[in-house]
Amino acid sequence: MVIWSFIKQLLTPKHDYSSLKTVTFGDESAVTSNTVASVVSIVLIFVLWGAFTGSSLLPGFLHAPGAFTGEASFTYTITTPAGESDDATVTVVVHPASEEVDAPEITPGDGIAKNDSTAIASYRSKLLRVDRNDEMGRDEETFITAVDGAPIAPGGAVKTGFGTVAMSDKGTLNIIPATGMQMEPIWLPAPEDVWQRLTEIATSGYRNSSLAEHLGYSLFRVIVGFVLGAIVGIPLGYAMGLSNWFRGWFDPIVEFMRPVPPLALIPLVIIWAGIGEVGKIILLFLAALWIMAIAARSGVSGVRISKVHAAYSLGASKWQIMRHVIVPNSLPEIFTGARVAMGVCWGTVVAAELVAAEKGAGMMIMAASKFQNTDIVLIGIILIGIIGFTIDMLMRQAEKWLVPWKGKG
């Protein structure tokens, strides 16, 4: 309760000058990010991650119900053509998938039905033809009619204390231990396992390259592709926003290419530029080009005409209007487009590195996915997200320094 009260106090909005504003729409200074709320949201994500993976970093009471492991048993009943019935017990050992466990030895017992045993890895199921040990089976028209006293037929299932026992269409029992709510490690490893693999890769590298080299190559490709896209896209957007002739020529092309995903261009890029670095950078260039062009065009078109008229009335030339009115008022839109373009480039770099890349975060992700190394896949995704978030924060700070008038009329 003390911790919750402290967090609640930190999350309570401050009663300062900004809180007294009655109009917040269109005023960016009136709405700011609550740092504590951001930290809590990130911590909550990791808590949920740990809870649904059984992380040792969390106390047990925070764990979601996990998959059943241990020894259990159930009883099945067979019925002969003469109407005689007999029971036998199946001992089931459910073990972690990372361990090799043999089925325990059991005493067959007396009667037509014989006791049996099996070992199953957690999160898996197993077909068990129990009549192979019985004196009479399906070949003698003797079938299983009940499990733990509950009637069962082909296609049916019975809940047991450790999971479910189903019956196939041919009468074979399918033993399905309960999986709980936790994720299997192959689908989502625990945070500490991902951290351990990260330290291994950071020290010994991955596929003959260090982690810094993989990230450096991806960062280099993204920055070069983005910069080239901005160098071409921003002037193109300005031309489209200022000239009817340029808009008539290029607006259909830009609007046609804008909804085309960069991934669809990979075959053409391979044909045009091959599978080397040039092809990857061209793909990232095309991913940023259209976004930057549209952002610059929107920024120019959004300049208030009253500002242009005021500049003309003060004797400004066209170049002065461009320098002191058009460019400053279009910069906020351009920075917004740059942040979007950078995000798209980071999303495209994974696909760009699919094409015969030997180094890169995207190559790490795709190579690891082929061998079901989910921890390495998560490492690549997290590192790409962290780097992308860092770049976005730097661009936000640069926008504050370079465009301090944004949102202020």
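The protein chain in this predicted model has 11 helices and 9 strands. Its radius of gyration is 32 Å, while the globule rule gives 22 Å for 409 residues, so the chain is more spread out than a compact globule. Below is a quick tour, starting with the whole chain and then stopping at a handful of residues.

**The chain as a whole**

- Buried residues make up 39% of the 409 in the protein chain.
- The chain exposes about 23,500 Å², and 64% of that is supplied by carbon and sulfur atoms.
- If you take the contacts between residues at least 6 apart in sequence, 66% of them join residues at least 24 apart.
- On the charge side, there are 29 positive and 35 negative side chains, and the centres of those two sets sit 22 Å apart.

**Leucine 173, in strand 9**

- Strand 9 covers residues 173-177, and leucine 173 is part of it.
- Leucine 173 has a relative accessible area of 1%, which is under the 20% cut-off, so it counts as buried.
- What does leucine 173 touch, once neighbours within four places in sequence are left aside? Its contacts include Phe74 and Tyr76, then Lys126, Leu127, Leu128 and Val130, and also Ile144 and Val147. Val165, Ala166 and Met167 are on the list of contacts too.
- Glycine 156 is 17 residues away from leucine 173 in sequence, and the two C-alpha atoms are 10.0 Å apart.

**Threonine 164, in strand 8**

- You'll find threonine 164 in strand 8, which covers residues 163-167.
- Threonine 164 also counts as buried, because its relative accessible area is 16% and the cut-off is 20%.
- Beyond its neighbours within four places in sequence, threonine 164 is in contact with Ala157, Val158 and Lys159, as well as with Asn174, Ile175 and Ile176.
- With lysine 159 there is a side-chain to side-chain polar contact, at 3.5 Å.
- Threonine 164 and proline 65 are 99 residues apart in sequence, with 16 Å between their C-alpha atoms.

**Valine 39, in helix 2**

- Helix 2 runs over residues 35-51, and valine 39 lies in it.
- Is valine 39 buried, exposed or partly exposed? Its relative accessibility is 46%, so it counts as partly exposed.
- From valine 39 to glycine 111 is 72 residues in sequence and 65 Å in space, going C-alpha to C-alpha.

- As background, most residues other than glycine have a negative phi.
- Glutamate 141 is not a glycine, yet its phi is positive, at about 60°.
- Where does glutamate 141 sit? It is in the loop between strand 4 (126-128) and strand 5 (143-147).
- Asparagine 208, also not a glycine, has a positive phi of about 65°.
- The loop that holds asparagine 208 lies between helix 3 (191-204) and helix 4 (211-242).
- Asparagine 208 has a relative accessible area of 83%, over the 50% cut-off, so it counts as exposed.

Technical notes: Residues numbered from 1 in each chain as written. Predicted model: local features only at pLDDT ≥ 70, side-chain atom pairs only at ≥ 80, totals over all residues. Heavy atoms only, no water. Helix = DSSP H or I, 4+ residues; strand = E, 2+ residues; numbered from the N terminus. Rg over C-alpha atoms; globule rule 2.2 N^0.38 Å. Buried < 20%, exposed > 50% of the residue type's maximum accessible area, 1.4 Å probe, protein only. Contact = heavy atoms within 4.5 Å. Areas by Shrake-Rupley, 256 points an atom, 1.4 Å probe, with all protein chains shown as cover. Lys, Arg positive; Asp, Glu negative; His and termini not counted. Charge placed at Lys NZ, Arg CZ, Asp CG, Glu CD. Polar contact = N/O pair within 3.5 Å; in protein donor to acceptor, adjacent residues only side chain to side chain.
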